[in-house]
Amino acid sequence: MHVTNVEFIKSAVKPDQYPPAELPEIAFVGRSNVGKSSLINLLVNRKNLVRTSNTPGRTQLINFFSVNSDSFMLVDLPGYGFAKVPLAIKKQWGPMMGAYLAKRETLRGVVLILDVRRVPSPEDIQMLDLLRAHSIPPVLVITKCDKVSKNERKRQAQIISRTMQVQESDFLFFSALSREGIDEIWRVLEPLVATPQSV
């Protein structure tokens with residue numbers, strides 16, 4: 001995928017605030033501090049399209065971006081699972097995410113991001129279950145691969161595979177430092193946004 005331009009469209013909390021459902025959408029989700037912002041920024045070749053922060057839990061809205069002059073939408077979903085986020089916001093996230101995943105008819109797939117150094121959390125497993133319940137194709141990306149050795153990556157992939165009950169072959173590996181995985185991730189995403197919407 002050659003990304004020529006990206007434009008922030010709007011932020012939303014509930015369906016009546018979403019942009020019109022006219023373009024195919026790919027959403028990105030993961031626990032706070034999993035490297036979601038770095039992944040999105042590198043995929044679209046922009047340094048600061050999505051704000052990276054040393055404060056996990058910063059993304060608290062659903063953010064919509066138009067890619068390649070309205071070819072498709074990239075959607076940044078709120079991170080989950082960070083203890084210091086206020087309880088009121090945590091309570092808002094569940095319905096906000098559930099409504100988007102259940103009702104957004106132009107959603108073609110969701111990139112579920114996992115940290116190579118962490119055992120998947122109950123929230124990660126619940127998110128995968130939610131995607132399956134709504135028949136949304138999950139794209140499983142394991143980030144921060146430069147932080148571990150190849151042997152440790154293999155061991156961690158086995159642990160993540162068992163915990164999430166998926167095949168290791170389902171994983172795509174990414175490093176923001178080395179840019180590993182960008183082409184492979186786009187190879188999976190491109191057919192999702194290029195396929196005509198079924199009716």
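**Strand β4**

I looked up the burial of β4 first: five of its five residues are buried, so the strand is largely enclosed by the rest of the structure. Buried here means under 20% relative accessible area, exposed means over 50%, and partly exposed lies in between, with a 1.4 Å probe and protein chains only. Strands (E, at least two residues) and helices (H or I, at least four) are DSSP runs, numbered from the N terminus.

The model is predicted, so I note the limits: local features need pLDDT of at least 70, side-chain atom pairs count only at pLDDT 80 or more, and totals for chains, interfaces and linings use all residues. Residues are numbered from 1 along each chain as its sequence is written, and side-chain values use heavy atoms, with hydrogens and water left out.

**Partners of β4**

Two strands pair if DSSP finds at least two bridges between them. I find β4 (residues 72-76) paired with β3 in the antiparallel sense over five bridges. Phe72 of β4 is the bridge partner of Val67, and Asp76 of β4 is the bridge partner of Asn63. β2 and β4 run parallel and are joined by four bridges; here Glu25 has Met73 of β4 as its bridge partner.

I looked at the hairpin of β3 and β4 as well. Four residues lie between the strands, and Asn68 takes a positive phi near 55°. Ser69, in the loop between β3 and β4, has a phi near 55°, a positive value in a residue other than glycine. Ser69 counts as exposed at 56% relative accessibility.

I noted the phi of Ser135 too, near 55° and positive in a residue other than glycine. Ser135 sits in the loop between α3 (122-133) and β6 and is exposed, with a relative accessible area of 65%.

**The sheet**

Which order do the seven strands take? I read β1-β3-β4-β2-β5-β6-β7, an open sheet with mixed pairing. β1 and β7 (171-173) stand at the edges with a single partner strand each, so one side of each is left without a neighbour in the sheet. Neighbouring strands are turned by 25° against each other on average, direction ignored. Helix α4 (residues 150-164) packs on this sheet and touches β5 (107-115), β6 (138-143) and β7; its direction makes about 145° with that of β7. Contact means heavy atoms within 4.5 Å. Axes are lines fitted to C-alpha atoms, for helices over the stretch in contact, and angles run from 0 to 180 degrees between N-to-C directions.

**Aromatic pairs**

I searched the whole structure and recorded six aromatic pairs. Rings of Phe, Tyr and Trp (its six-membered ring) pair if their centres lie within 6.5 Å; planes under 30 degrees apart count as stacked, over 60 as edge-to-face and the rest as tilted. The ring centres of Tyr18 and Tyr100 are 5.7 Å apart and the planes stand at 80°, so this pair is edge-to-face. Tyr18 is in the loop between β1 (6-12) and β2 (25-30) and Tyr100 in helix α2 (residues 87-103), so I log a link between distant parts of the chain, 82 residues apart. Phe64 and Tyr100 have ring centres 6.2 Å apart and planes at 70°, so they too are edge-to-face. Phe64 lies in strand β3 (residues 62-67), 36 residues from Tyr100. Ring pairs link Tyr18, Phe64 and Tyr100 into a cluster. Tyr18 is buried; Phe64 is buried at 0% relative accessible area, and Tyr100 is buried at 0%.

**Salt bridges**

A salt bridge is a side-chain nitrogen of Lys or Arg within 4 Å of a carboxyl oxygen of Asp or Glu. By this rule I count nine. Arg117 bridges to Asp115, with the closest N and O atoms 3.2 Å apart. Arg117 is partly exposed at 33%, whereas Asp115 is buried at 4%. Lys144 also meets Asp115 (3.9 Å, N to O). Lys144 is in the loop between β6 and α4 and Asp115 in strand β5, 29 residues apart; both are buried.

Glu152 and Arg155 meet at 2.6 Å, N to O. They are three residues apart in helix α4, about one helical turn. Glu152 is partly exposed at 24%, and Arg155 is partly exposed at 43%. Salt bridges that share partners join Asp115, Arg117 and Lys144 into one network.
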